[in-house]
Amino acid sequence: MNETIARYKNAVLTYWTGREPRQKIWLVAGLILILLMAATLTYFSTKQNFVPLYSQLSLQETGQIKETLDGKGIPSRVSKDGMTIEVPDNQVDSLKVELAAEGLPQSGSIDYSIFSDSSGFGMTDNEFSVMERAAMQTEIANLIKNIDGVQNANVVITLPEESVWLNSSQESATAAVVLDLKLGTQLDQDRVKGLYHLISKSVPNLPIENIVISDQNFNSYGYDAGSAGDSTLAAFEQQRGIQKEIEQDMTRNLQQMLGTMIGPDKVLISVTTDIDFTQENRTEQLVEPVDEENMEGIAVSVERISEAYTGEGSVPEGGTAGTGEGIPNFVEGEGDENSEWERTEDRINNEVNRINREITESPYQIRNVGVQVMLEPPEGMDAIPAQQIADIQQILGTIVRTTLPEVDGQPLSQEEINSKIVVTSHQFAGKAEEVAPDTSQGVPTWLYVLAAVLALVVVVLVIMLARNRKQVAIEESMEEMTLDSVALPTEEVPDLPVEGSGPAHEKRKQLENMAKEKPEEFSKLLRSWLSED
């Protein structure tokens, strides 16, 4: 065994010492690359990909499933919120069947099957009422969970006590529902109205006005909000939705723009607006001159009257009808002298522009807007440079000027615009943690590329080794040919006698026969003699 190891060791050393420095570098680099790729492939091939087994669980359900999986020795992970449990992807289907057979997950809620399981002579009326109400709450909550956008629902029902008196008035039931909505989900009017009808029809003697529905953020959903009428609550919800949408659009645009300049996690923006929802319908009948510069209209008809008189005698004091002062171009006569007068009158009918307008004002108008921006300075700086803050204020000023072109018919001054913008620079105390993308699904593309590169390197190394072996074989054959062609030593060797007898003559004959019949053995014999000499 030791001899075999030594022989292989000598062969490796001989092969290594016979290589050129460049070939040694390529061999070492190729060996290191192969080892690294093999280690990488081994790591990713043995790595377990975890996928969700159950999601949207309660903490109690997550604890039950986690305890069962740990008892079975199955690795599992629980999400940060405790609502999702993950297991290796190759065990998801089998675990769902096994856990379902064991009755997991157990929600801890009561359903109607408990009446058939627990019914007996020992159950009192109070116990039955409590279990009936709990089962009713559970079933309503399960129905509400089927609505798109609702993660969970908690229902509390109060049932009136039945009276033994016939003439007593029957009380009504009440219900309070708290919805756990998914992030970004907003219940529209149709779904809110459907929730009210669902709850009202599921509980006996439960009118709609005795139902209260809210979400986890304490936002109430009234039944009137689902109608398309002109109720005050419906109008408020609609106006509030418009205002919120406008503020969100402005905030999103500013966040995208300033986040590109400063950094997406270094900008905090708040936009507040004051919107006038007064809607006005009016009719205007305007009269405007055609020629606004001279305030004149178009002459439709023109009538000119001219009168003239020539005669003798004086005009009586005070004048006569149609004469005297006030008559254009009147010349008063004196004594018996001749008198003359004339009168010219122009009657012109002008036409003007008559404009009739029926105007419906916009359903809303932005009366005021405020923009508050908080910036976090870069690392190593206490505050953002003043020039950069001034540039940001100028950008925000342009946006405010575009949003509010004028107030009360007057354009905004620069001071008024600056009063609506606040830009501060502070170090943020905390930041929202970004959720890392789930990379456990499937095999990454770069892993296939790495495997292809590894295969290519292996092929190149195999070709290089084959070429090296071939070169070694050629060198060995050349050495053998060189040894075969080596001339005998130049030392004078006594010639064998050509004729005669004796041992020398017999050796000569044997060598000649061997050279003719077995030239290969004759050459080996010569090499052995040369090596001994």
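## Review note on the structure

1. Strand E5 (residues 174-181) runs parallel to its partner E6, and five bridges hold this pairing. Within it, Val 178 has Ser 214 of E6 as its bridge partner. Strands here are DSSP runs of E with at least two residues, and helices are runs of H or I with at least four, both numbered from the N terminus; two strands count as paired if DSSP finds at least two bridges between them.

2. The model is predicted, so local features are reported at pLDDT of at least 70 and side-chain atom pairs at pLDDT 80 or more, whereas totals for chains, interfaces and linings use all residues. Residues are numbered from 1 along each chain as its sequence is written, and side-chain values use heavy atoms, with hydrogens and water left out.

3. The E5 and E6 pair belongs to an open sheet of three strands, ordered E4-E5-E6 and mixed in its pairing. Strand E4 (150-158) and strand E6 (211-215) are the edge strands; each has a single partner strand, so one side of each lacks a neighbour in the sheet. On average, neighbouring strands of this sheet are turned by 15° against each other, direction ignored.

4. A further group of strands involves E1, E2 and E3. Strand E1 (residues 50-54) pairs with strand E3 (residues 85-88) in the antiparallel sense through four bridges, and Pro 52 stands opposite Glu 86 of E3. Strand E2 (residues 77-78) is also antiparallel to E3, to which two bridges join it. The hairpin formed by E2 and E3 has six residues between the strands, and Gly 82 in its turn shows a positive phi of about 75°.

5. Helix H6 (residues 125-145) and helix H7 (residues 189-202) have axes that come within 11 Å and cross at roughly 155°. The axes are lines fitted to C-alpha atoms, for helices over the stretch in contact, with angles from 0 to 180 degrees between N-to-C directions. The two helices are therefore roughly antiparallel, a class that covers angles over 145 degrees, as against under 35 for roughly parallel, 65 to 115 for roughly perpendicular, and oblique for the rest.

6. Nine salt bridges are found in the whole structure, each defined as a side-chain nitrogen of Lys or Arg within 4 Å of a carboxyl oxygen of Asp or Glu. One of them joins Asp 249 to Arg 252, with 2.4 Å between the closest N and O atoms. Both residues lie in helix H8 (residues 232-262), three residues apart, about one turn of the helix. Asp 249 is partly exposed at 30% relative accessible area, and Arg 252 is partly exposed at 48%. In these terms, buried means under 20%, exposed over 50%, and partly exposed in between (1.4 Å probe, protein chains only).

7. A network of salt bridges links Glu 307, Arg 343, Glu 345 and Arg 347. Arg 343 meets Glu 307 at 2.5 Å, N to O. Arg 343 is in strand E10 (residues 339-351) and Glu 307 in strand E9 (residues 298-311), so this pair ties together parts 36 residues apart in sequence. Arg 343 also forms a salt bridge with Glu 345, at 3.2 Å, N to O. Arg 343 is partly exposed at 21%, as are Glu 307 at 33% and Glu 345 at 27%.

8. Asn 205 has a phi near 55°; Asn 205 lies in the loop between H7 and E6 and is partly exposed, at 34% relative accessible area. Phe 218 has a phi of about 65°; Phe 218 lies in the loop between E6 and H8 and counts as exposed, at 74%.

9. Ile 359 belongs to strand E11 (residues 353-360) and is partly exposed at 21% relative accessibility. Ile 359 and Thr 283 are 76 residues apart in sequence, yet their C-alpha atoms are 6.1 Å apart in space.

10. The unreviewed UniProt entry lists residues 25-44 and 446-466 as "transmembrane region"; positions follow the numbering used here, feature names are shortened, and annotations may be inferred rather than shown by experiment. In the model, residues 25-44 are 100% helix and 0% strand, with end C-alpha atoms 29 Å apart.
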